[in-house]
Amino acid sequence: MDYSPKLFLIRFRASANSFLLEYEPLALLLAPLLAFLVARTLQSFLGVVHERGLKATFIAFLMSLLKLVPGVKNYIDAEKQKVVDKLQSGGKSKRDGWRTELPRAGLGVEVIEKMKDEKRNDVDWQGKCSGTVYIGGSESEGHFSLINEACSMFAHTNPLHLDVFPSVVRFEAEVVAMTAALLGSKEKVSGGQICGNMTSGGTESILLAMKSSRDYMKTKKGITKPEMIIPESAHSAYDKAAQYFNIKLWRVPINKEFQADVKAIKRHINRNTILIVGSAPGFPHGIIDPVQELGELATSFGICLHVDLCLGGFVLPFARKLGYPIPPFDFSVRGVTSISVDVHKYGLAPKGTSVVLYRNHDIRKHQFVAVTEWSGGLYVSPTIAGSRPGGLIAGAWAALLSLGEEGYLESTKRIMEVSKRIQKGIKEIPELFIIGRPDMTIVAFGSDVVDIFEINDVMSSKGWHLNALQRPNSIHICVTLQHEPIVEDFLRDLTESVKTVKENPGPISGGLAPIYGAAGRMPDRGMVQELLVNYMDSTC
């Protein structure tokens, strides 16, 4: 019997044709298309489930179905608007009378008096805010006055014009170099190529580091579908970067010590991973992530590691010199490829000044945008902004030089001592507990006895502006030099607020505790996101 391949194919063809004769030609045409559509739909569904989880996907699907019911969508929208109005707390009425067009005749120097009148409407922020204002004392004297004068002197300058304002170009280069020196650039392990630029703030520094890392890894490893992995305690600027630069973002739960979980991060690494993230310290709880372990992980997989030092950059180097047990966190750690550090926080510089640093020029070059086909000429810019305020750069330079190492050691000593005093005072309030073991100047605290958000509302009624947190529900205070004179006032008001809430549980009039509590319990995170977007859209 002939079993040649040719004969086999002839017989197979005849058998297949005989079988397919039973079906309509149109059915034979549509079946593969239908199978393809089903496969793609299933692939998309599994991708969403993998990214968001089965529970979140099911809830989102259920909510989408509910909104198809007549009247349900209108009801949900109306309830969301009530929450937005509550969050605004009369914001619309405050906008009544705001100018919507130029005055016919200019006000001249009278505009300064107008500005002074408006400034009187600002809240009493001296010592009452978490973070916000980091320089101590009055804004009309001392260090405040010095940097204000420096900013004013160079307010007209723009480092984009290198040939016109070489002074500001030098200021930026020196601020970057001095900041890098604090963060390991002089260590042999750093490679001796640490470089960077000044930016408008921590968010821009993080955005640039993410963009540069994405493009660097595309060149180095050919990654075209980039992903990054961050602990859930990492700053929301990474979410913004993921949206802006089309990077898939994985948020990984933190460990029991409220630090980045290195093992959990490792489980998420795949062939598309470009970067992992650590913070020193994290914004919510003031705890330093295990940067050394993250560096080893990044090195072993050949990926980038960004360390967010926006809060710690001008504290941790000096705290270490003062004898505090500070773990490795900077370019002295192998594997760290970029760092963001705010000068306008504990660097005591004017608002709108930060630095992004890279381990070498190969990475930083991917930050720049060069344009060669513009009719306006050849163009290259180092940061997101083209024109930049030279006055702020000058103010940062003035801050660093006026304070020097001794000045920063002194300010670090003071704020670290204030932080310890506040931690001690909170531990003496039996209804409260401190989240984790703070490494620096952020103290987060919660309660298993009373509603922590109701405590926050009572503190707000006493003039305090603290930060509400979630996972777990808590609030924190970011200690600055402004808090040094009012530590006892804060602890007294906190003790009284706990007593008030314990004796009279329930939301206070005008408080936001019900909204924060509901947002934390709401399973549909998409709806929470819509609330925030609607609130922002109605306020700016």
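Mentor: An axis here is a line fitted to C-alpha atoms, for helices over the stretch in contact, and an angle between N-to-C directions runs from 0 to 180 degrees. Helices (H or I, at least four residues) and strands (E, at least two) are DSSP runs, numbered from the N terminus. The model is predicted, with local features needing pLDDT of at least 70 and side-chain atom pairs pLDDT 80 or more, while totals for chains, interfaces and linings use all residues. Residues are numbered from 1 along each chain as its sequence is written, and side-chain values use heavy atoms, without hydrogens or water.

Start with helix 15 and helix 17 (residues 487-503), whose axes lie 10 Å apart at an angle of about 20 degrees. Angles under 35 degrees count as roughly parallel, over 145 as roughly antiparallel, 65 to 115 as roughly perpendicular and the rest as oblique. Helix 15 and helix 17 are therefore roughly parallel. Their crossing is right-handed; that word applies when the near helix is turned clockwise from the far one by less than a right angle, and left-handed when the turn is anticlockwise. On the helix 15 side, Val418, Arg421, Ile422, Gly425 and Ile426 meet Val487, Glu488, Phe490, Leu491 and Leu494 of helix 17. By class, the residues of this contact are seven nonpolar, one polar and two charged. Nonpolar covers Ala, Val, Leu, Ile, Met, Phe, Trp, Tyr, Cys and Pro, charged covers Asp, Glu, Lys and Arg, and the others, Gly among them, are polar.

Phe490 deserves a separate look. Setting aside residues up to four places away in sequence, Phe490 touches Ile422, Phe445, Met459, Trp464, Leu466 and Ile477, where contact means heavy atoms within 4.5 Å. A nonpolar core is a set of buried Ala, Val, Leu, Ile, Met, Phe, Trp, Tyr and Cys residues joined through side-chain atoms within 4.5 Å; buried means under 20% relative accessible area, exposed over 50%, and partly exposed in between (1.4 Å probe, protein chains only). Phe490 and Met210 have the most contacts inside the largest core, which has 119 residues. Helix 15 (residues 390-427) contributes the most to this core, with 11 residues.

Helix 15 also packs against helix 8 (residues 166-182), at about 45 degrees and with the axes 9 Å apart. The two are therefore oblique to each other, and their crossing is left-handed. Helix 8 contributes Val168, Phe171, Glu172, Glu174, Val175, Met178 and Thr179 to the contact, and helix 15 contributes Gly390, Ile393, Ala394, Ala396, Trp397, Leu400 and Leu401. Of these residues, 10 are nonpolar, two are polar and two are charged.

Apart from neighbours within four places in sequence, Thr353 is in contact with Met198, Thr199, Ser200, Asp342, Val343, His344, Leu392, Ile393 and Ala396. Thr353 sits in the loop between strand 6 and strand 7 and counts as buried because its relative accessible area is 1%. Leu348 is in the loop between strand 6 (338-342) and strand 7 (354-358); its phi is near 60 degrees, positive although the residue is not glycine. Leu348 has 5% relative accessibility and so counts as buried.

The axes of helix 9 (residues 202-221) and helix 10 (residues 237-245) come within 9 Å and cross at roughly 45 degrees. Helix 9 and helix 10 are therefore oblique, and the crossing is right-handed. Thr203, Ile206, Leu207, Met210, Lys211 and Arg214 of helix 9 make the contact with Ala237, Tyr238, Lys240, Ala241, Tyr244 and Phe245 of helix 10. This contact divides into eight nonpolar residues, one polar and three charged.

As for the rest of the chain, it holds 19 helices and 13 strands, and buried residues make up 44% of its 540 residues. Of the contacts between residues at least 6 apart in sequence, 71% join residues at least 24 apart. Two loop prolines are worth checking in the backbone. The peptide bond from Ala280 to Pro281 is cis, with omega near -5 degrees, and Pro281 is in the loop between strand 4 (273-279) and helix 12 (291-301). Arg471 and Pro472 are also joined by a cis peptide bond, with omega about 0 degrees; Pro472 lies in the loop between strand 12 (467-469) and strand 13 (474-478).
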